[in-house]
Amino acid sequence: MVVATSTWVKKKNVPYKKREKKSSSKHLLQLISTSHSLLSVEERETDKEMEDVRVKDEALRLIGLFEVLPRLVVFDLDYTLWPFYNELHSKRGMPYLYPQAKGILQAFQDKGIEMAIASRSPTADIANTFLDQLGIQSMFVAKEIFTSRTFKADHFKAIHRRTGIPFNSMLFFDDEYGNIDTVSKMGVTSILVDDGLNLQELHSGLQKFSSPNEQI
Ligand SMILES: [Mg+2]
């Protein structure tokens with residue numbers, strides 16, 4: 001019995017095996033890529049850029065609705081900015097973001113609101129390669145990418161040390177409840193995303209930051 005108990009305890013501390021989540025937007029991406037397969041690469045890139053501009057304009061409109069804004073917006077990577085676990089891919093892979101993520105990042109950049117990354121990925125080298133390939137690496141004033149058993153408490157302490165920005169001036173997006181629970185108790189307005197960063201989650205985040213006591 002003792003052996004069984006210790007095995008269970010040991011097992012409990014081992015992270016569960018990462019498998020790609022089922023995501024409706026993944027299916028949507030597949031549908032989009034099928035319907036776009038008759039278009040040239042240039043036409044597809046122009047389409048994507050036009051969509052990024054549309055999302056950015058809408059994100060700027062949403063940001064403009066609120067008087068009280070965060071000074072720093074922090075994003076998780078896997079299943080928040082992109083729909084996969086980067087550790088399951090090679091550096092030579094072709095990364096892609098959730099459809100509305102780029103436009104939202106561009107809107108925060110335009111508004112002069114700083115951004116950071118907090119990721120528990122064990123493969124910071126792959127994550128950084130993907131951020132480079134996606135052309136968004138330079139958008140972030142801090143990037144904390146390391147495994148941790150404190151959920152993201154250590155990540156946020158490091159981000160605070162690096163930026164000097166207080167926790168209550170930060171807004172955080174992540175897809176894991178444990179991270180949201182831990183970081184919100186530190187005073188950071190935290191939003192649990194269901195299917196990646198999109199305009200709806202942005203609106204929820206801005207609203208919660210602006211009126212933290214109201215139920216949304
Ligand atoms: Mg995640």
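**Figure 1. Strand 2 and strand 3 pair in parallel, joined by five bridges.** The model is predicted. Strands of a sheet pair through backbone hydrogen bonds, either parallel or antiparallel.

**Figure 2. The open sheet contains five strands in the order 3-2-1-4-5.** Its pairing is parallel. Strand 3 (140–145) and strand 5 (189–192) form the edges, and each of them pairs on one side only. From one strand to the next, the twist averages 15°. Strand 1 and strand 2 (residues 114–119) also run parallel, with four bridges between them. Look for Val 73, whose bridge partner in strand 2 is Met 115.

**Figure 3. Strand 2 is mostly covered, with six of its six residues buried.** Which residues point which way? Glu 114, Ala 116 and Ala 118 point to one side of strand 2, while Met 115, Ile 117 and Ser 119 point to the other. All of these residues are buried. In a regular strand the side chains alternate between the two faces of the sheet. The chain reaches strand 2 from strand 1 by way of helix 4, in a right-handed β-α-β crossover.

Figure 4. An α-helix has 3.6 residues a turn, so residues three or four places apart point the same way. After the helix comes Gly 135, with a positive phi near 70°.

**Figure 5. Two further helices lie across strands of the sheet.** Helix 6 (residues 153–163) lies across strand 1, strand 2 and strand 3. Its direction is at about 150° to strand 3. Helix 8 (residues 199–210) lies across strand 4 (170–174) and strand 5. Helix 8 runs at about 155° to strand 5.

**Figure 6. The largest nonpolar core has 40 residues.** Those with the most contacts inside the core are Val 74, Phe 75, Leu 81, Ile 104, Phe 172 and Leu 197. Helix 4 gives the most to this core, with five residues. Start from Ile 104 and trace its contacts. Leaving out residues up to four places away in sequence, Ile 104 touches Val 55, Ala 59, Leu 197 and Leu 202.

**Figure 7. Trp 82 sits in the loop between strand 1 (72–75) and helix 4 (101–111).** Is Trp 82 buried or exposed? Trp 82 counts as buried because it has 21 C-beta neighbours inside 10 Å, and the cut-off for a buried residue is 20 or more. Setting aside residues up to four places away in sequence, Trp 82 touches Leu 77, Pro 95, Tyr 96, Leu 97 and Tyr 98. Asp 195 is 113 residues from Trp 82 in sequence. In space, the two are 9.9 Å apart, C-alpha to C-alpha.

How values were computed. Residues are numbered from 1 along each chain as its sequence is written. This is a predicted model: local features need pLDDT of at least 70, side-chain atom pairs count only at pLDDT 80 or more; totals for chains, interfaces and linings use all residues. Helices (H or I, at least four residues) and strands (E, at least two) are DSSP runs, numbered from the N terminus. A residue is buried if 20 or more other C-beta atoms lie within 10 Å of its own, exposed if 12 or fewer, and partly exposed in between; C-beta atoms are placed from the backbone. Two residues are in contact if their C-beta atoms, placed from the backbone, lie within 7 Å. A nonpolar core is a set of buried Ala, Val, Leu, Ile, Met, Phe, Trp, Tyr and Cys residues joined through C-beta atoms within 7 Å. Two strands pair if DSSP finds at least two bridges between them. Axes are lines fitted to C-alpha atoms, for helices over the stretch in contact, and angles run from 0 to 180 degrees between N-to-C directions. A crossover is right-handed if, with the strands pointing away from the viewer, the path from the first strand over the helix to the second runs clockwise.
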